[in-house]
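Q: I've got a model open and I'd like to learn how to read it feature by feature. Can you walk me through it?

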Amino acid sequence: MGAALRKEASEYFTAALTSDAAAAPGESEFLEKVKQYERGLCGGSELYGVAEPIAAAVMSKAAETGSVRWLLRLCSEAMRRCVEAPYGVDASTPAVLHLAEVLLRHILRLTKGQSAQLIGVLEAVGARGETAPSNGAPCEDTAALLCRMAFSFLVSVPLDSATVATHLEVLRLLLTMTSSALHHGTDFQEDTMDLFTELMMSSPLLGDCLAVLLQTVVLWGKPSWTAQSPALYHEGHQPSFLNLFNIFSTTVSAPRLASGKAAYVLDVPSSTTVNSAAASGAGGPSALKAGALPKDPAAVLVNSCSCWEQVGRHATALLCVLVVHQKGGGRNPALEYVTATRDGSPVSFVALLSAIRCQLTSFPELSILLYVLLHDHYEFLHTVLTEDAALLVSTLQQLLEITNKTCRVTTRLATTTAADAADDVLQNAVLGRIIFQLRIFSYPFINFMSSTLLLLVSQDRVVNRLLCNTPCLGRHVLERYDASASVGALAVVVLSRGIIKGLNERNEALIAVFAPCLVNLAPFLHDMDTYTAQRVCALLTTALKKIHRASALLTECTAAAAATTTAEGQTGGSITAAATSAEDAQALEQILAMYVRQLRIILEGVEALLRGADRRNEHLIYELLYVRSCIIDDVDAAVDAQRPYAQPTKQLLANLAEMIKNCEADIASSNQAQSPQEILAILRRGQQQQQQHGQSQSSSISGSNGKDVSGGGDDDASNDDRRNGNSCGGGGGHKDVSLSRAGSLMSAPAVEASIAADAMAGPDGASVDLVYSYEELPHSYDFFGPFVWATLLSAGQLPGGALWCRRSNELPLFPH
């Protein structure tokens, strides 16, 4: 749709939907006009900005004209005709559905989640009057009728090349109907309840619709889901003679076609920029935060994709939104249906997991479906472990790959000015810049969701054993260091990177989910490669350096505060400076205490990696010898200088320091320590000798099993608190990490007795105890709801995906 035709269409729809009954067009005339604009409406270009003024004008006269009610009932009638005659519908049906969807998206934004106001708009009869059913029955509410007909369409109309475009528009409309969740908080309130979503939950067709959505997810994950026609295009990339001429007359590459495995994490060059507050000198020093924007914003977008690809994405997104709705806060029929499914009805569990594995790195919203299947379903994990355990391990490898990428991203969000927000999103550069920011906004949510899944599966000994015994498949992070590295080694590297990210960002909630995963997995990892050992050492030294730096700053700050207080008291001046210094010292002390708390858990993982001579992790000991100055010398210097928290830090490191000194003594007493391989052989013999002395020494190295990871206690914390565990608080306080001696995700008959027995025993024959377990706290929707929508905000990267906002801080769902 060109600019002239777009202007004509905007003027027509504005007039048609805001005029009185006498001037309003009839149904047939309106559908003919909509059919005329069908290609521009449904071609894939994001019409968010075009629809914005139309929606505002329609809303201003909704009560007078009743046009919103009329349009939505027209959509319901169009879907009813499709149900009755699936192959007898013309192009006006997807076009009118697309028009209603983009207008409803803005109507939900303008009503700000107020359900009473929304009902007033949807049910306003206005000048168009009431149309009574021919059978004399009471007229069904507009919202209920729309939900019923949309569900009937999905259940009754087959998905094929003739109906795929209409299926996409129905799925877009249903997903938009649930987007009222973006415009209010996560608490359930009657005045802000999600009207359409609640109607879907009470629909008698809900189960049949969920079955169709699950089947669509499975089909989307198959290689046969490769039909490329019809295709969708971003603005300016539609096939035309001009574009064809440009391809042959310039060096511009042809439009890219999206594949199902396009990476979610962006890999485009970006440039650092300074926030507007800092540029204008406002906000003080704290406002000087650098953000980033892509150097070529248009490169963020995928120029074209198949309509089938978008059907798979929208069906999966709708399924995830429904199963997570108000999770933990009340009854959810969609969640109950999914968790009650059986293998093969409506889909095979292995086929479903295969689809998740195939699309996880390009569509991380699937993480919530994987979470529900692993946490809430009683048979899913047992079934996939029994039928195809390698598939589960491969899926977790995909999860680790995307987590590794998001943890490596250090880009900050850039401040969007009012002028930027008013730009036309039909321009690829503008849309690309918006998508870039929304994608960065979603990465922390992915980190929390991934760490939650990893903690969930790390409770299971069978899964831990499989991870550490299965080599990574395909290309992976450790490929250049060890082509045969296990998925468990990859997990240790990614977990270490995630903990370092939490330390750098002072994000204790993130550390408190990643670190317990490391502790649970560590007893099963064997034959550690050099790179993995280096990453573990980097984790330990990073934590120690941050403790030393924070301790030194706290000493200086405390001294400065004391000096300022003395000077102010002698001169009788203001105490503002003294109060500021005291506040800074208190903040530093809290940060330092957090570092020490998390060091305790990190050391549990490191010591667990060292336990057991038959696991052949001497590369870790070798790397620890290289950093002994940070572990021993720097800590001793801090103790001698009487730095804050130096003595507790030394006590935590006592077992590790003793092991390093013993290994140094073994090496010094040998006359064969000439090469790294000879040193490794000495370390291996030392481990074996220590193992022969008995298990008492190795058990004492672990320290106390129940450590406080929530930020609630130091060395003088009560034994009861340590024994019972504390909330880990990741993602808004929905998780709980607690001590578990026999906890396992799997029920008693979960796997064959031989596998279970093998998983319960360590390499040296000793029983392996898992320290941390996962517990979902009430109203977990506080995290899961924002996660799903945060990852959906940037769906407009592909043509046909909806743009839900220009800036994430517009949406009340996300606390800012």
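Q: Let's pick one residue to begin with. Is arginine 615 buried or exposed?

A: Buried means under 20% relative accessible area, exposed means over 50%, and partly exposed is in between (1.4 Å probe, protein chains only). Arginine 615 has a relative accessible area of 3%, so it is buried. You'll find arginine 615 in the loop between α26 and α27 (618-626); helices (H or I, at least four residues) and strands (E, at least two) are DSSP runs, numbered from the N terminus. Methionine 528 is 87 residues from arginine 615 in sequence, and their C-alpha atoms are 8.3 Å apart in space.

Q: What should I keep in mind about where these values come from?

A: This is a predicted model, where local features need pLDDT of at least 70 and side-chain atom pairs count only at pLDDT 80 or more, while totals for chains, interfaces and linings use all residues. Residues are numbered from 1 along each chain as its sequence is written, and side-chain values use heavy atoms, with hydrogens and water left out.

Q: Zooming out, how many helices and strands are there in the protein?

A: The protein has 36 helices and 6 strands. Of its 816 residues, 55% count as buried. Contact means heavy atoms within 4.5 Å, and among contacts with a separation of 6 or more, 81% are between residues 24 or more positions apart.

Q: Which residues touch the most other members of the largest nonpolar core?

A: General idea first: in soluble globular proteins, nonpolar side chains tend to be buried together. A nonpolar core here is a set of buried Ala, Val, Leu, Ile, Met, Phe, Trp, Tyr and Cys residues joined through side-chain atoms within 4.5 Å. The largest one holds 249 residues, and Phe30, Phe196, Leu624, Leu656, Trp789 and Phe814 touch the most other members. Helix α21 (residues 428-457) supplies the largest share of this core, 18 residues. Take phenylalanine 30: setting aside neighbours within four places in sequence, its contacts include Tyr12, Phe13, Trp70, Leu74 and Leu99.

Q: How do I read aromatic pairs, and how many does a search of the whole structure find?

A: Rings of Phe, Tyr and Trp (its six-membered ring) pair if their centres lie within 6.5 Å; planes under 30 degrees apart count as stacked, over 60 as edge-to-face and the rest as tilted. The search finds 19 pairs. For tyrosine 371 and tyrosine 774, the ring centres are 6.1 Å apart and the planes are at 85 degrees, so that pair is edge-to-face. Tyrosine 371 lies in helix α18 (residues 366-375) and tyrosine 774 in strand β6 (residues 772-776), so the pair ties together parts 403 residues apart in sequence. Both tyrosine 371 and tyrosine 774 are buried.

Q: And which kind of pair do phenylalanine 783 and phenylalanine 787 form?

A: Their ring centres are 6.2 Å apart with planes at 25 degrees, so the pair is stacked. An α-helix has 3.6 residues a turn, so residues three or four places apart point the same way. Here, phenylalanine 783 and phenylalanine 787 are 4 residues apart in helix α36 (residues 781-792), about one helical turn. Ring pairs link Tyr371, Phe448, Tyr774, Phe783, Phe784 and Phe787 into a cluster.

Q: How covered is α18?

A: Mostly: 9 of its 10 residues are buried, including Leu366, Ser367 and Leu374.

Q: Where do charged ends sit over rings?

A: The test is NZ of Lys or CZ of Arg within 6 Å of the ring centre and within 35 degrees of the ring normal. Arginine 439 sits over the ring of tyrosine 264, with its charged end 4.0 Å from the centre. Arginine 105 does this with tryptophan 804, at 5.7 Å.

Q: What does the side chain of glutamine 598 make a polar contact with?

A: A polar contact is a pair of N or O atoms within 3.5 Å; within protein, one must be able to donate a hydrogen and the other to accept it, and residues adjacent in sequence count only if both atoms are side-chain atoms. The partner is the side chain of glutamate 508, at 2.9 Å. Glutamine 598 lies in helix α26 (residues 576-610) and is buried, at 0% relative accessible area.

Q: Last one: which backbone angles deserve a look?

A: Most residues other than glycine have a negative phi, and most peptide bonds are trans. The bond from serine 345 to proline 346 is cis, with omega near 5 degrees. Tyrosine 645 has a positive phi, near 65 degrees, and histidine 779 has one of about 55 degrees. Histidine 779 is in the loop between β6 and α36.
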